[in-house]
Amino acid sequence: MSSQSVLQKLEILADAAKYDASCASSGTAKRNSMGGKGIGSTEGMGICHAYAPDGRCISLLKILLTNHCVFDCHYCVNRKSSNVARARFTPQEVVDLTLAFYRRNYIEGLFLSSGIVKSSNHTMEQLVEVARILREEHDFRGYIHLKTIPEADPEIVHQAGLYADRISINVELPTDSGLTRLAPDKSAAQIEGAMGKVKADLVEAKDARKRFKHAPRFAPAGQSTQMIVGADAATDSDIVGKASRLYDSFKLRRVYYSALSPIPDASAVLPLKRPPLIREHRLYQSDWLMRFYGYKPAEVMQATEADGNLPLDIDPKLAWALKFREQFPVDVNCASKEQLLRVPGLGVKAVGKILASRRHRTLRLDDVARLTLSITKVRPFICTVDWRPVLLTDRADLRSLLAPKTEQLELFVA
Amino acid sequence: MTVKQALGLQHVRLGTYYVVNLPDADDFDFWRERARALVQCEVPPDRIAWVEPGGSGDLFSHGERRMPVPPADARPVRANRRFVQLARNAALHSDTERFALLYRLLWRLQANPRIMEDKADLDVRRIEELDKNVRRDSHKMHAFVRFRLVESDPDALGEEAGEHYVAWFEPEHHILRANAGFFMRRFSNMRWSILTPRGSLHWDGSIMSEGPPAQRSDAPGGDPMEDLWRKYYASIFNPARLKVGAMLKEMPKKYWKNMPEASLIPDLIAGAQNREAAMVEKGALEFEERPDTLEGIDRAIHACRKCPIGALDNNAVMGEGPRDAALMIVGEQPGDNEDLQGRPFVGPAGQLLDVHLEKAGIDRRTAYLTNAVKHFKYVQRGKRRLHQNPGAKEIDTCRWWIEGERAIVQPKLVLAMGASAARSVLGRTVSISKVRGKPIPLEDGSELWVTVHPSYLLRLEGPAREEQARLFDADLAAVKVRLGEVRG
């Protein structure tokens, strides 16, 4: 194995990390390298340094320390029984790569994860060691995200939080039964226990900083998690319910969804078809509705269809509006912010603009059109001084009028 | 308008056309100072030409270049914070009309101080658009500048001696100077230069200096680290998720020529479908519809080549027993004898099992006997075929068949003998010593009992064998008792 070059290892260990959806580098403490010995800065907003042809951004050097693993999770390309090529970086190699890439402005920092080798504690110690060398020996002030191992000693996880901006613990699957079936070496209780411990550490560190200016920071960008969608029978309702419980219980910053991707050498237990990427997108949209639009989890669940899944052809906000047509039309000239946020096609920014503009003028349909991306989508759900969609909201075929047209094209392709 | 203000107008020669030459394209403070004076002298927007360096000032050669002097008692110029914020940024835009727009808005602000809140106003929309474009261009500069290492100046002192990082970037707007701070704060302890067609920046670790516009050929051509970066870029891309539109939206082609990784994009896209197909082929095994009769499964396993065992010169061995047996006994895989006879548990281990089953009072003929893996795995040694344990992957693949048998027979109890058998039922490897002797509930409502494989007993000798045989008997006895309970 030692004969592998860094280039070969990078190829294997970046490839092994490509199924992980999360790559954010925002929301951490502001800092820069002025007055220090090293390099690096974070200014609140993360920066996407490149985009891959899969449409996902590259913000961090996202790699595994090793893809050797003693666990055997069926959905994971690195599971013990998989025949993929294996490689292992030393902590110093990861440090050198991170710094070399950062100096050339390729990345915002490092997102390090790992297969479990020897023991959970040993693996977690190696991850922490990478972060320690970067922070202490090189005074690196860029972003570090460490994926922690729920089975590891909480004390080592705590160390990770002292060096990292964000730490995450994967819940893996939306249901406990899915976890039992597909990740036999993992336990839901252990995962949630680890999340709870991190939450306690976050609260404690925040409290300490109120009292002592120099109290150490603990994961200033908080904790996040990821779940795999489409590997088990969980419905969107189950998933949304699970996510909202996680947000509530563990004060998570983000829940990432990752559509089960075809993996080389997949386990025979997995479903044979991959779920449509659009499902993952709809789940992110519903996540957005809860975080920025004031929807309750139960309301998102109301938008699902009889099978418990969100419709794929229209977004969840439109799906909700079509189910609750009695809430519309909303008068843009006098409706509350909360009501406006429920209008399909009106984003948070558009609502802000409407609220500001209507203090100066009574809005007409043309005015609203200037403030929104697409008036066609909005029109059936609002009224203005010169517009009232009485007939439109009652039309039975409203959904087909508003659903994206590409969907209809497929009828003719066949 | 008061008489006093009307008198103020006397300072302005009505009909005068003013030309203001800006010293730099991004000099907002200069504009602000001139604009303030012009507003105070009540010069309307359509009487001013704002000319930036290199702009076509000749067209306005007839204009007045001396600035009017505001009256001493002129009203202070009003501009709220929102306007100043937007204007400072919008002034960096490459649109030659931007200073005129800023002045027009400033002029209108005097009569309507809250005009910036009217998001439907055309001028407000335009300045917000300019601001947005400039912010986006700045953001892309933060993201897409690519430094290349130049080993020069070996006599330089300090930790980073001789290392100079140089980038070539082509911003769309006049944003270079405004973004100097970002790069300085990020790369404080590095010596770097950013060269652009609009000017250049140089940081030596303590002092920022500006240089003249540069050409692409002034910047270095490559960096050994780019091979690693390209390898990373290609590897982190998941071909199963191709979304070219989403990429182009955030990384338009105009930026590609200065990004080393972008040269890979056409090939990555072109190869994606094949790579995904290969991943799916290597990954998801294309099982056809599973037969719903035992005879159908029997036929299908003979044709199964989903793992390498099936390709050996061997038979396939189907389970046997009543179609509605309450007890299913699962072994590891057929051995040499089983393979030759085409029946499970007929070799030495099977004979030993028979002895123990009889002892426990379980009639073999009432149970359904089968194996986790349907084919005999062996290596040829001369004339002998030596048994080999199936791998986890092979057991998992063969689960497809044993799950079919379980679905048809629907046993109330499953007795798994050995770790392979337990894995084929549970999907995970368990430690037999930890789970033996107690039921494990299964999803379909039945129960799994785990014990050792009789061939394990065959390998032991003396007291160890006696001890294990006793434990094996105890496990079978517990199953017998439980069988009586679940049968009711």
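In the predicted model, 29 residue pairs are in polar contact across the interface of chain A and chain B, both partners having pLDDT 80 or more. Several elements of chain A each supply at least two residues of the side that touches chain B: the helices α1 (6–15), α2 (91–103), α8 (277–292), α12 (348–357) and α13 (365–371), together with the strands β1 (50–51) and β3 (60–64). Of these, α1(A) gives the most, with six residues. By class, this side of chain A is made up of 37 nonpolar, 22 charged and 15 polar residues.

Charged groups also pair across the interface. The count between chain A and chain B is eight salt bridges. In one of the pairings, Arg359(A) forms a salt bridge with Glu117(B), and the closest N and O atoms lie 3.8 Å apart.

The extent of the interface can be given both in residues and in area. Contact involves 74 residues of chain A and 76 residues of chain B. The size of an interface is often expressed as the accessible area lost when the parts come together. For chain A and chain B the buried area is about 6,700 Å², with carbon and sulfur atoms giving 58% of this value. On the chain A side, Tyr51(A), Pro53(A) and Arg104(A) supply 12% of the area that chain A buries against chain B, more than any other three residues.

Thr98(A) counts as buried because its relative accessibility is 0%, where the limit is under 20%. Leaving aside residues up to four places away in sequence, Thr98(A) touches Leu61(A), Ile107(A), Gly109(A), Leu110(A), Leu134(A) and Phe140(A).

Chain B is divided into four parts: domain 1 (3–134), domain 2 (145–218), domain 3 (225–270) and domain 4 (288–487). The centres of domain 2 and domain 4 of chain B, taken over C-alpha atoms, are separated by 70 Å.

A further buried position was examined in chain B. Cys398(B) is located in helix α13 of that chain, which spans residues 392–409. With a relative accessible area of 10%, Cys398(B) falls under the 20% limit and is therefore buried. When residues up to four places away in sequence are not counted, Cys398(B) touches Ala372(B), Val373(B) and Lys374(B). For Lys374(B), 24 residues from Cys398(B) along the chain, the separation of the two C-alpha atoms is 7.2 Å.

Note on methods
Residues are numbered from 1 along each chain as its sequence is written. Chains are lettered from A and ligands numbered from 1 in the order in which they are written. This is a predicted model: local features need pLDDT of at least 70, side-chain atom pairs count only at pLDDT 80 or more; totals for chains, interfaces and linings use all residues. Side-chain values use heavy atoms; hydrogens and water are left out. Helices (H or I, at least four residues) and strands (E, at least two) are DSSP runs, numbered from the N terminus. Buried means under 20% relative accessible area, exposed over 50%, partly exposed in between (1.4 Å probe, protein chains only). Contact means heavy atoms within 4.5 Å. Domain bounds come from an automatic or database domain assignment. Buried area is the accessible area (1.4 Å probe) that two parts lose on being put together, summed over both. A salt bridge is a side-chain nitrogen of Lys or Arg within 4 Å of a carboxyl oxygen of Asp or Glu. A polar contact is a pair of N or O atoms within 3.5 Å; within protein, one must be able to donate a hydrogen and the other to accept it, and residues adjacent in sequence count only if both atoms are side-chain atoms. Ala, Val, Leu, Ile, Met, Phe, Trp, Tyr, Cys and Pro count as nonpolar, Asp, Glu, Lys and Arg as charged, and the others, Gly among them, as polar.
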